[in-house]
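Work through the exercises below with the sequence and the 3D structure at hand. Each task is followed by a solution in steps.

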Amino acid sequence: MTTEHLIAYSGARVGYGATTIVSDASLAVHAGEVVGLVGPNGAGKSTLLRAVTGDADLLGGTLSLAGVDSGALSALQRARLVGVVPQQVTAAFSVEAREFVTMGRHPHLARFAVPGERDREVVERAMRLTDTLHLAEKPTDELSGGDLQRLALAQALAQEPQLLLLDEPTSHLDLNHRLQVLDLVRELARDEGIGVLAVFHDLDLAARYSDRIAVVASGTVAPAEIPARAITTATVREVFGVRAVVGIDPVTGTVSVTPVLRDGAVALVARGRVLVIGGSGCGSQLMRRLVLAGWDVISGALNAGDADQVLAEALGVDYAHIPPFAPMDPESVGRVVALADSSDAIVVSDVPFGHGNVDNLRIAAERAESGTPVVLLGEIEGRDYAEGAAADLWARARAAGAQSAADVDVVVRLLEAIASP
Amino acid sequence: MSRTRRHVSSVVAFPVLSLGLVGAMVAGVALGAVSVAPGEVLGALGRAVTGTAAGLSDTLIVGVRLPRVVLAALVGAALAGAGALYQALFRNPLADPYILGVSSGAGLGAMIAFVATAGATMLRFGAVPLAAFAGAMLTMLLVVRLASTRGRLDPTSLLLAGVALSYTLAAVTSFLMVVSREQMSAIVYWMMGGFAQASWPYIAMIAPMFVLGAILPLLSTRELNLMLLGDERAGHLGLSVERFKLLMLASASLMTAAAVAVAGLIGFVGLMVPHMVRIVLGPDHRRLLPASLIAGAIVLVLADLVARTIIAPIEIPVGIVTAVLGGPFFIWLLVRGERRR
């Protein structure tokens with residue numbers, strides 16, 4: 001049962017008339033699974049769904065629904081198989097909400113039949129599942145967008161479909177109803193074996209509710225993979241042009257995407273290379289701001305799993321790698337020295353220094369003495385955990401002409417002055 | 001069950017409408033240059049059915065007044081039914097057979113047949129309604145074609161195309177009228193719209209067209225309701241939208257042609273009646289469509305009564321009465337639509 005293909009695009013080319021929107025799409029949705037489609041606006045996610053409903057044209061390749069060529073299905077047969085929840089639900093007319101949902105029974109009703117006991121039960125259940133029973137007597141033109149969207153889902157469920165197509169089904173829902181609707185969709189897939197193909201804009205929601213995700217971009221569809229493999233720092237940057245921290249949310253255990261900056265927002269000036277001495281997240285703001293300002297940012301030694309290390313990976317910042325919670329060893333010191341040698345300037349963040357990382361500061365102080373411009377963020381008081389060694393190095397750097405900055409803005413300004421004297 | 005709290009129940013609405021129709025028809029037969037008591041009307045009807053009709057009064061009632069009232073009822077029902085269908089199919093509250101140019105198309109078709117069959121009365125009875133239907137259907141398809149860009153029907157273009165085509169067709173009709181002088185007065189009478197020439201053969205001519213045009217939509221009210229959701233959603237719920245639209249447009253054109261073939265151009269009934277019914281009963285076509293048919297019949301029977309009694313013995317064309325009521329109503333709809341936007 002779970003291996004049955006409910007949708008199978010194979011080398012499909014879809015579009016409208018002579019215009020191709022997506023070419024060479026191969027994707028299958030099985031019974032009981034939720035497949036998410038993500039990608040930039042206009043990439044053709046909705047067009048892929050619309051090919052299933054016959055609203056977009058299949059221009060090449062094949063598309064089969066439950067094993068039948070989609071072109072061979074009548075509108076009625078298709079409606080018994082596929083339920084659709086559109087992006088925008090409009091109901092500029094006044095019928096009772098229950099009547100609106102009952103319209104979903106149309107494909108199951110004989111030509112002149114009136115809805116019977118079983119139809120009423122199906123409608124009742126669809127409304128109970130979507131939490132819309134309390135709206136049953138309300139006229140549709142007096143309901144909010146969110147209520148209408150849940151009613152549209154109820155209407156689609158009243159079709160008793162094997163397959164649900166959702167085009168951003170939660171765009172008009174508040175946080176509570178968004179989770180409620182998506183939880184319901186997951187349950188329907190699990191308990192009733194419904195196959196779901198859903199377009200998502202929110203990558204976190206896509207990852208949280210999809211079994212597999214296919215990225216739609218540049219007119220093609222990438223193979224559907226589990227969320228952790230489909231959504232990575234690399235794909236987010238390539239597809240959306242956004243550098244993001246992609247990690248596993250410790251609470252939900254699913255992939256979580258934190259956008260850091262848009263590639264398009266990075267200043268198009270070559271300012272040179274700057275070494276950031278960070279750690280424990282103290283260097284994160286600096287790295288982000290300096291990348292945005294156009295600097296080629298590199299970083300001193302960072303422990304794996306450290307907040308700054310995660311961000312460095314997201315930004316594509318080069319750094320000296322040390323194991324979790326380990327102190328700097330001779331190898332990493334040598335690596336930082338090499339990085340410092342290639343830098344035009346050095347910024348020391350307001351990270352606390354202990355025996356494990358004080359070598360980062362030592363290298364900065366030595367560079368200051370040999371004439372590299374150095375900017376020190378904040379004061380050393382209260383963050384020397386290396387028994388005075390950090391304070392001494394701080395003083396040496398200051399004595400050698402290192403500038404002091406009160407906050408990140410000042411750092412950015414001082415470095416700008418250094419880059420263009 | 002299917003209505004919202006704002007709307008009147010079917011249990012109340014349909015008995016009231018039926019009584020209204022009977023009342024309007026009795027009044028239509030009873031009132032006029034010579035008034036007859038309502039009881040006398042029923043008596044005459046009884047005698048006509050039993051074949052014992054006698055006297056001038058019976059001739060007036062059964063041979064003159066009754067066919068006129070029945071014809072007005074049929075035409076009113078046909079126009080209102082067509083209007084309700086156009087409004088549903090185009091989801092455009094301003095659509096009606098007159099504004100969409102379908103009436104003019106039917107008029108031109110009927111007119112060509114009328115001129116071409118001069119002197120052949122029997123042929124004329126068959127040719128005029130058929131030509132009216134052909135004219136209505138062709139105009140409808142042309143207007144839809146003109147108003148569509150890349151498969152999308154623009155509501156404003158629809159009305160503009162309808163009005164523009166309506167003028168063009170009216171010009172052609174006027175031209176035909178001028179070149180066929182000998183029949184001009186008959187044509188002018190017919191074009192102004194009215195029931196002065198009503199007779200039982202006319203009713204026999206259009207009743208089948210009306211029934212044929214009304215039956216399919218009355219059996220498709222559930223599908224018409226799906227159309228409320230928009231073409232795409234209706235398709236998702238299993239309706240073969242293009243085929244359904246064509247069938248419904250043909251039905252509406254048939255009803256329009258039936259009306260125009262006997263009564264000429266009568267405006268605004270198709271616009272006003274479905275709207276008034278919608279306000280009272282709601283948008284559910286299971287109620288809206290049958291109620292529009294009955295209400296349309298009532299409205300036109302009463303409008304005709306006004307037309308022939310208001311400045312009696314002079315009879316004014318019934319189209320003037322409907323236009324006097326319909327014009328302001330159309331403007332009200334337009335203004336209300338603007339405010340809602």
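**Exercise 1.** How many helices and how many strands does chain B have?

*Solution.* The model is a predicted one. In chain B there are 14 helices and 2 strands.

**Exercise 2.** Why does the radius of gyration of chain B agree with that of a compact globule?

*Solution.* Step 1: chain B has 341 residues, and for that number a compact globule would have a radius of gyration near 20 Å. Step 2: the value for chain B is 20 Å, so the two agree. Step 3: the C-alpha trace of chain B spans about 65 × 55 × 35 Å along its principal axes. Step 4: of the 341 residues in chain B, 50% are buried. Step 5: among contacts in chain B with a separation of 6 or more, 76% are between residues 24 or more positions apart.

**Exercise 3.** Which residues of strand 18 of chain A lie on one side, and which on the other?

*Solution.* Step 1: strand 18 covers residues 374–377 of chain A. Step 2: in a regular strand, side chains alternate between the two faces of the sheet. Step 3: A:V374 and A:L376 are on one side, A:V375 and A:L377 on the other. Step 4: all four are buried, so both faces are covered, where buried requires 20 or more other C-beta atoms within 10 Å of the residue's own.

**Exercise 4.** Which strands of chain A pair with strand 18 of chain A?

*Solution.* Step 1: strand 16 (residues 345–348) of chain A pairs with strand 18 of chain A in the parallel sense, over 3 bridges. In this pairing A:I346 stands opposite A:V374. Step 2: strand 20 (residues 403–405) of chain A also runs parallel to strand 18 of chain A and is joined to it by 3 bridges. Here A:S404 stands opposite A:L376.

Terms used:
Residues numbered from 1 in each chain as written. Chains lettered and ligands numbered in written order. Predicted model: local features only at pLDDT ≥ 70, side-chain atom pairs only at ≥ 80, totals over all residues. Rg over C-alpha atoms; globule rule 2.2 N^0.38 Å. Buried ≥ 20, exposed ≤ 12 C-beta atoms within 10 Å, placed from the backbone. Contact = placed C-beta atoms within 7 Å. Pairing = 2+ DSSP bridges.
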